[in-house]
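Please open the structure in a viewer and keep the sequence at hand.

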Amino acid sequence: ALILVNNKISKISPLAFAPLKKLERLYLSKNNLKELPENMPKSLQEIRAHENEISKLRKAVFNGLNQVIVLGMSMRNLIRSNLMVLSFSGLPPSLTELHLDGNKISKIDADSLSGLTNLAKLGLSFNSISSVENGSLNNVPHLRELHLNNNELVRVPSGLGDHKYIQVVYLHNNKIASIGINDFCPLGYNTKKASYSGVSLFSNPVQYWEIQPSAFRCIHERSAVQIGNYK
């Protein structure tokens, strides 16, 4: 691993990592980077660049990075339009974790997550997301954890009910005012491959007594659902 955390690095030469042909983990968090460096070692499996000043991602950054499974870029300036650039730039399909918490993302379009078929954990907390378009979650069929807490959502993202593997969904601290009977669970029984272990809905305006019990029919542990405490 190469750890360059908590410095004042603002730019990295495209040749900086040339000798590190077997590097697997690169940590660049808490610097002043405005973009990720080009020509990162193709052996990389984990890239963490939290708390920088990154506001754009160029296609060249991910060329040849076919072994990356974790990408973390939480906080600060990544805005919604750049999430689209990020998706169209071809994020490595090998990714299993993507962390974009605490940015300025306002919407997830249907193609935002296109190609990320191996993604298991998606962190989008503390953004300004008001909607997740229909079909968005179809692009991540193996997703197991979805963190959308502390956003501006007014409804549960569509597609969760049809998701076979998802186990953890954080939706607390949003503006969700109602829960539909098929928002979390599929129409048929025994079609989910994994049971929910955590669904957080507290600090939303939805009233728990207005939720039909059948809305959580595929959740076997009552303690897995957290509701209430809205002010």
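Is Cys 185 buried or exposed? Select this residue in the model, which is a predicted one. Cys 185 has a relative accessible area of 1%; the limit for a buried residue is under 20%, so Cys 185 is buried.

A disulfide joins Cys 218 to Cys 185, with an S to S distance of 2.1 Å. The pair links distant parts of the chain, 33 residues apart. Cys 185 belongs to the loop between strand E10 (168-170) and strand E11 (198-200), whereas Cys 218 belongs to the loop between E11 and strand E12 (225-226). A search of the whole structure finds one disulfide. Its S-S torsion is about -80 degrees, so the disulfide of Cys 185 and Cys 218 is left-handed. Cys 218 is also buried, with a relative accessible area of 14%.

Now select Leu 160. Leaving aside neighbours within four places in sequence, Leu 160 is in contact with Leu 137, Leu 146, Ile 166, Val 169, Asp 183, Phe 184 and Tyr 196. Leu 160, Phe 184 and Tyr 196 are among the residues with the most contacts inside the largest nonpolar core, which has 59 residues. This core draws at least three residues from each of domain 1 (1-73) and domain 2 (86-230).

Finally, move to Ser 112, in the loop between strand E6 (107-108) and strand E7 (121-123). Ser 112 is buried, with a relative accessible area of 3%. The side chain of Ser 112 reaches the backbone nitrogen of Asp 109 at 2.9 Å.

Definitions and conventions: Residues are numbered from 1 along each chain as its sequence is written. This is a predicted model: local features need pLDDT of at least 70, side-chain atom pairs count only at pLDDT 80 or more; totals for chains, interfaces and linings use all residues. Side-chain values use heavy atoms; hydrogens and water are left out. A disulfide is a pair of cysteine sulfur atoms within 2.5 Å. Helices (H or I, at least four residues) and strands (E, at least two) are DSSP runs, numbered from the N terminus. Buried means under 20% relative accessible area, exposed over 50%, partly exposed in between (1.4 Å probe, protein chains only). A polar contact is a pair of N or O atoms within 3.5 Å; within protein, one must be able to donate a hydrogen and the other to accept it, and residues adjacent in sequence count only if both atoms are side-chain atoms. A nonpolar core is a set of buried Ala, Val, Leu, Ile, Met, Phe, Trp, Tyr and Cys residues joined through side-chain atoms within 4.5 Å. Domain bounds come from an automatic or database domain assignment. Contact means heavy atoms within 4.5 Å.
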